[in-house]
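User: I'm new to this one and would like to learn how to read it. Can you walk me through it, feature by feature?

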Amino acid sequence: RTEILQALWLSTVISAVGLALSIVIGMTVGIAMSQARWVERSLYPYAVILQCIPTLALVPVIGFWFDFGLTSRLIVTVLIALFPVISSTLFGLQSAEPGQHDLFTLYRSNRLTRLWKLQLPAAMPAILTGFQVAATLAVVGAVVGDFFFKQGDAGIGVLIDLYRARLQSEQLFGAAIAASLLGVAAFWTFGLINRIYTAG
């Protein structure tokens with residue numbers, strides 16, 4: 001039990017850090033694309049391509065470039081969780097009503113004021129939904145990264161693979177259930193944040 005909990009904690013940390021990086025990068029890219037059509041046309045196709053490429057195909061390249069330790073696990077986590085943040089941010093920022101845009105234009109509001117007072121508040125429900133999806137994908141990314149990048153401390157994915165190789169069925173089920181509960185907890189946490197924001 002102690003071994004599983006320690007591995008689960010490491011996977012939780014990797015998931016949380018990877019999710020935080022995905023949120024920062026994804027929101028930055030989404031905001032940039034919402035502010036200029038040429039940025040959207042330039043970056044969005046690459047974001048779609050990144051989402052469509054099987055992550056397992058990129059794993060050997062990531063390991064070759066960044067070694068097979070925690071850094072590579074974080075990169076895999078970010079790659080898997082990034083697209084929902086980008087797409088939900090872009091969609092949310094573009095969902096503000098045209099009439100409200102006209103009102104801000106009438107008052108000659110600058111781009112930053114329009115973004116901060118109109119677009120971001122209108123986009124928050126969509127953005128939080130994207131965070132909810134990205135949180136579960138971050139857990140998946142952390143576990144998948146464990147399967148391939150096994151240097152350093154063992155995460156829950158490393159234990160699952162180890163128990164499978166040793167035919168330790170009880171430990172294998174315990175580790176699999178722990179990983180599943182981590183994903184459920186991430187999804188529930190951001191769902192709760194979304195409901196609290198919507199209710200407020």
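User: Let's start with the fold. How many helices and strands are there in the protein?

Analyst: This is a predicted model, so keep that in mind as we go. The protein has eight helices and zero strands. Read along the sequence, that gives α-α-α-α-α-α-α-α. As for extent, the C-alpha trace spans about 70 × 40 × 20 Å along its principal axes.

User: And what share of the residues count as buried?

Analyst: Of the 200 residues, 42% do. Taking contacts between residues at least 6 apart, 77% join residues at least 24 apart.

User: Okay, next: the nonpolar core. Which residues have the most contacts inside the largest one?

Analyst: The general idea comes first: in soluble globular proteins, nonpolar side chains tend to be buried together. Here, the largest nonpolar core has 30 residues, and I4, L19, M27, F131 and I156 have the most contacts inside it. At least two residues each come from α1 (2-35), α4 (70-93), α6 (111-148), α7 (156-166) and α8 (169-199). The largest share is from α6, with eleven residues.

User: Can we zoom in on one of those? What does I156 touch, leaving out residues up to four places away in sequence?

Analyst: I156 touches I4, A7, L8, S11, V143, D146, A175, A178 and A179. Apart from this core lies another one, of eight residues, including M33, V39, A47 and L90.

User: Now helix packing. How do α4 and α6 cross?

Analyst: Check the distance between the axes, then the angle. The axes of α4 and α6 come within 7 Å and cross at roughly 155°. An angle over 145 degrees counts as roughly antiparallel, so α4 is roughly antiparallel to α6. The crossing of α4 past α6 is right-handed.

User: Last topic: charges. How many salt bridges does the structure hold, and which residue pairs with R37?

Analyst: Side chains of opposite charge can pair when their charged atoms come close. The structure holds one salt bridge. It joins R37 to E40, with the closest N and O atoms 3.3 Å apart. Both residues sit in helix α2 (residues 37-52), three residues apart, which is about one turn of the helix.

User: Are those two partners buried or exposed?

Analyst: One of each. R37 has a relative accessible area of 58%, so R37 is exposed. E40 is at 16% relative accessibility, and therefore counts as buried, the cut-off being under 20%.

Note on methods
Residues numbered from 1 in each chain as written. Predicted model: local features only at pLDDT ≥ 70, side-chain atom pairs only at ≥ 80, totals over all residues. Heavy atoms only, no water. Core = buried A, V, L, I, M, F, W, Y, C linked by side-chain atoms within 4.5 Å. Buried < 20%, exposed > 50% of the residue type's maximum accessible area, 1.4 Å probe, protein only. Helix = DSSP H or I, 4+ residues; strand = E, 2+ residues; numbered from the N terminus. Contact = heavy atoms within 4.5 Å. Salt bridge = Lys/Arg side-chain N within 4 Å of Asp/Glu carboxyl O. Axes fitted to C-alpha atoms, helices over the stretch in contact; angles between N-to-C directions. Parallel < 35°, antiparallel > 145°, perpendicular 65-115°, else oblique. Left-handed = near helix turned anticlockwise from the far one by under 90°.
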